[in-house]
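Thank you all for coming.

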Amino acid sequence: MIDTHSHIDMLQNPEAEINAALEAGVEKIIIPGVEPDTFDKITEFIDKYDNVYGCIGVHPSEAQKFTDDTAKKIALLAHHPKMVGIGEIGLDYYWDKTFVDVQKKVFKTQIEIAMSMNLPVVVHDREAHLDTFNILKEANYNKVLMHCFSGSVEFAKECVELGWCLGIGGVVTFKNARKMKVVVKEIPIENLVLETDAPYLTPHPFRGEENAPKYLTLIAKEIANLKDLTLDFVQKQTTKNAETIFNFNKGE
């Protein structure tokens, strides 16, 4: 399995959790970028651990920290052989809508960097579905992973029609996550990838504890149950999907 989105740099004991993930069958982990101050730390992790890869980008909530120098650093670090995407980038209207225009500008700039380097974008979209969709569609770029997908099944189908993939995490295991369960049932397995978003959104029955990549199997099991597929098939197909989106061999 591949954990396509895991902030392992935020965990209490990252090295122990990386080892626990390997024992649990998680062969690769991708750390997303959040803000410029985290870039060097991510680079250190991917240099130190063979099975850890990175994405580089500025989260929408941190968009006001984005400068021309930030853009240059992202473009530079994206050449690293183990940086496999630009993200997490996007729009977030949940926490603060006072700088929406800045979020949009920074989102578009980072999409342009990704396109120039032929790297996928890992998209954070929280309560900003329409604007996120329109910006991505206008860019006419199909290397898109909608991280922690939270939209309706109708929105999911629109995304899939454009060739995008959806990241499915611990929320799908929550008993009250009816919308997410319908999305997983209705969307082809070929368009789904696994993620934990550790240390957040810990799957049932460990809600309330720190999330970690070792819990990825719980998400795969729920997808298998919802789609009436074997766990082995879900694990293999979602791994294949992740390998299609991310070029893990770019440095070879």
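Predicted model: local features only at pLDDT ≥ 70, side-chain atom pairs only at ≥ 80, totals over all residues.

Let me begin with Cys159, whose sulfur lies 11 Å from the closest cysteine sulfur, that of Cys165, and this is too far for a bond. As a reminder, a disulfide is a covalent bond between the sulfur atoms of two cysteines. The rule applied here takes a disulfide to be a pair of cysteine sulfur atoms within 2.5 Å, and by this rule the count comes to zero disulfides. Cys159 is buried, with a relative accessible area of 0%, and Cys165 is buried as well, at 8%; buried here means under 20% relative accessible area, exposed means over 50%, and partly exposed is what falls in between, with a 1.4 Å probe and protein chains only.

Residues are numbered from 1 along each chain as its sequence is written, and side-chain values use heavy atoms, with hydrogens and water left out.

Now to the helices, where the naming follows DSSP runs numbered from the N terminus, with helices being H or I of at least four residues and strands being E of at least two. Helix α7, residues 178-186, packs against helix α8, residues 216-227, at an angle of about 70°, and their axes are 9 Å apart. The axes are lines fitted to C-alpha atoms, for helices over the stretch in contact, and the angles run from 0 to 180 degrees between N-to-C directions. α7 and α8 are therefore roughly perpendicular to each other, given that 65 to 115 degrees counts as roughly perpendicular, under 35 as roughly parallel, over 145 as roughly antiparallel and the rest as oblique. On the α7 side the contact is made by Lys181, Val184 and Lys185, and on the α8 side by Glu222, Ile223, Leu226 and Lys227, where contact means heavy atoms within 4.5 Å. Sorted by class, this contact has three nonpolar, no polar and four charged residues; Ala, Val, Leu, Ile, Met, Phe, Trp, Tyr, Cys and Pro count as nonpolar, Asp, Glu, Lys and Arg as charged, and the others, Gly among them, as polar.

The second pair is helix α2, residues 39-48, with helix α3, residues 68-77, whose axes come within 12 Å and cross at roughly 10°. α2 and α3 are therefore roughly parallel to each other. Phe39, Asp40 and Thr43 of α2 make the contact with Thr70, Lys73, Ile74 and Leu77 of α3, and by class that contact has three nonpolar, two polar and two charged residues.

Let me stay with Leu77, which lies in helix α3 and is buried, with a relative accessible area of 15%. Not counting residues up to four places away in sequence, Leu77 touches Phe39, Thr43, Ile56 and Met83.

What does Thr239 contact, once its neighbours within four places in sequence are left aside? The contacts of Thr239 are then with Met1, Ile2 and Glu27. Thr239 is found in helix α9, residues 231-245, and counts as buried at 9% relative accessibility.

Finally, the backbone. Most residues other than glycine have a negative phi, and most peptide bonds are trans. A cis peptide bond, with omega about 10°, joins Ala198 and Pro199, and another joins His204 and Pro205, with omega about 10°. Pro199 lies in the loop between β8, residues 192-194, and α8, and Pro205 also has its place in the loop between β8 and α8.

Turning to phi, Glu127 has a positive value near 55°; this residue lies in the loop between β5, residues 121-126, and α5, residues 129-139, and counts as exposed at 53% relative accessibility. Asp228 likewise has a positive phi near 55°, lies in the loop between α8 and α9, and is exposed, with a relative accessible area of 71%.
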